[in-house]
Structures are given as structure tokens and as C-alpha cells.
Amino acid sequence: MYGFKGPLNIESYLRLKKKIIIEKQEATSLYYFTFNIKERSFSYRPDIDSPEIKNIHRGRDLLGFEDILSDEDMKLCEWKFGFKIQTSFRDYVLYAEKKEIYKKWMRVLNFVFNKIDI
């Protein structure tokens, strides 16, 4: 990829905010997420070894991202590095456990959506 010196895809476990939050239950679920720059695809599956892909978004389905979540969303998860990926299907509110993982996601997302390598 011209001008990009980073990895051509990022994959890691992230916590996903549930569509419906039920009181006294965990507000997030753990999944294994992948973003592939070459294919311009974003997908997730139950775990790293699972062949079952829960959802995949490609090309124009990928609308953008936000690198900071609202205070309300940040309170939902113990993992403190939150961001959002917007697709035509839904907004994925995601949480990374470690700052290094968050930074890797931000680098890929900034390149894909903003054409800058941070």
C-alpha cells in the first residue's frame, strides 16, 4: 500500500458493546476482530480458531471510525481503550485491553479512512 509502512491487517481480541444492554448483565462480549487493508474488509468471529465469521463488511459498507467514545460508552467496559467503527449496517463500539492494541487499530483505521500513516 503506497505510503503505508504498517501491517496490511490488524487482528486482535476486542470487546464489543452489545446491541441491547440488560441490567445486571455484562454490556460487552469478547470477539476476535480483523481489519484487512488490501481487501478493505472488517470482520469478526467468536474466537481466533473459529471458522465461523459472525459478520463481514467490505468497501463502501465501511463508513468511518471514531477514536474516542462517549463517557457513557466508556463506563460500560473495564477495558479502557475504546473506539468505534461505523458501517452501513451498524456502529461497532469496541474496547481494547491494552494501549498497544488500541494504537495498532488506530494506525490501520487512520490509513484506511484518512489516508494518513500515524
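## The hairpin of strands 2 and 3

In this predicted model, strand 2 and strand 3 form a hairpin with 4 residues between them.

Strand 3 consists of residues 41–45. On its other pairing, strand 3 runs antiparallel to strand 4 over 4 bridges, and Phe42 has His57 of strand 4 as its bridge partner.

Strands of a sheet pair through backbone hydrogen bonds. Strand 1 and strand 2 run antiparallel and are joined by 9 bridges; here Lys17 has Thr28 of strand 2 as its bridge partner. Strand 1 also pairs with strand 7 in the antiparallel sense, over 2 bridges, and the partner of Arg15 in strand 7 is Tyr95.

A second hairpin, through 3 residues, joins strand 6 to strand 7. These two strands pair in the antiparallel sense over 6 bridges, and Phe83 has Leu94 of strand 7 as its bridge partner. Strand 7 is mostly covered: 5 of its 6 residues are buried.

## Salt bridges

How many salt bridges does the structure hold? There are 3. One is formed by Glu26 and Arg15, whose closest N and O atoms are 2.8 Å apart. Glu26 lies in the loop between strand 1 and strand 2 and Arg15 lies in strand 1, so this pair ties together parts that are 11 residues apart in sequence. Glu26 counts as partly exposed at 47% relative accessibility, while Arg15 counts as buried at 11%.

Another salt bridge joins Lys17 and Asp73, again with the closest N and O atoms 2.8 Å apart. This pair links distant parts of the chain: Lys17 is in strand 1 and Asp73 in helix 1 (residues 71–74), 56 residues apart. Asp73 counts as buried, at 8% relative accessibility. The side chains of Glu52 and Lys54 also meet in a salt bridge, at 3.8 Å from N to O. Both ends of this pair are partly exposed: Glu52 has a relative accessible area of 43%, and Lys54 has one of 39%.

## Aromatic side chains

The count of aromatic pairs comes to 13. In one of them, the ring centres of Tyr31 and Phe33 are 6.4 Å apart and the planes stand at 90°, so the pair is edge-to-face. Both residues are buried, Tyr31 with a relative accessible area of 18% and Phe33 with one of 0%. Tyr31 also pairs with Tyr44: the ring centres are 4.9 Å apart and the planes are at 65°, so this pair is edge-to-face. Tyr31 lies in strand 2 and Tyr44 in strand 3, so the pair ties together parts that are 13 residues apart in sequence. Tyr44 counts as buried at 8% relative accessibility.

Which residues form the aromatic cluster? Tyr31, Phe33, Phe35, Phe42, Tyr44, Phe65, Tyr92 and Phe113 form one such cluster. Phe42 is the residue bridged to His57 in strand 4.

## Charges over rings

Two arginines lie over aromatic faces. Arg15 lies over the face of Trp79, at 5.6 Å from the ring centre. Arg15 is also the residue that forms a salt bridge with Glu26. Arg90 lies over the face of Tyr92, at 4.7 Å from the ring centre, and Tyr92 is part of the aromatic cluster.

Note on methods. Residues are numbered from 1 along each chain as its sequence is written. This is a predicted model: local features need pLDDT of at least 70, side-chain atom pairs count only at pLDDT 80 or more; totals for chains, interfaces and linings use all residues. Side-chain values use heavy atoms; hydrogens and water are left out. Two strands pair if DSSP finds at least two bridges between them. Buried means under 20% relative accessible area, exposed over 50%, partly exposed in between (1.4 Å probe, protein chains only). A salt bridge is a side-chain nitrogen of Lys or Arg within 4 Å of a carboxyl oxygen of Asp or Glu. Rings of Phe, Tyr and Trp (its six-membered ring) pair if their centres lie within 6.5 Å; planes under 30 degrees apart count as stacked, over 60 as edge-to-face and the rest as tilted. A charge sits over a ring if NZ of Lys or CZ of Arg is within 6 Å of the ring centre and within 35 degrees of the ring normal.
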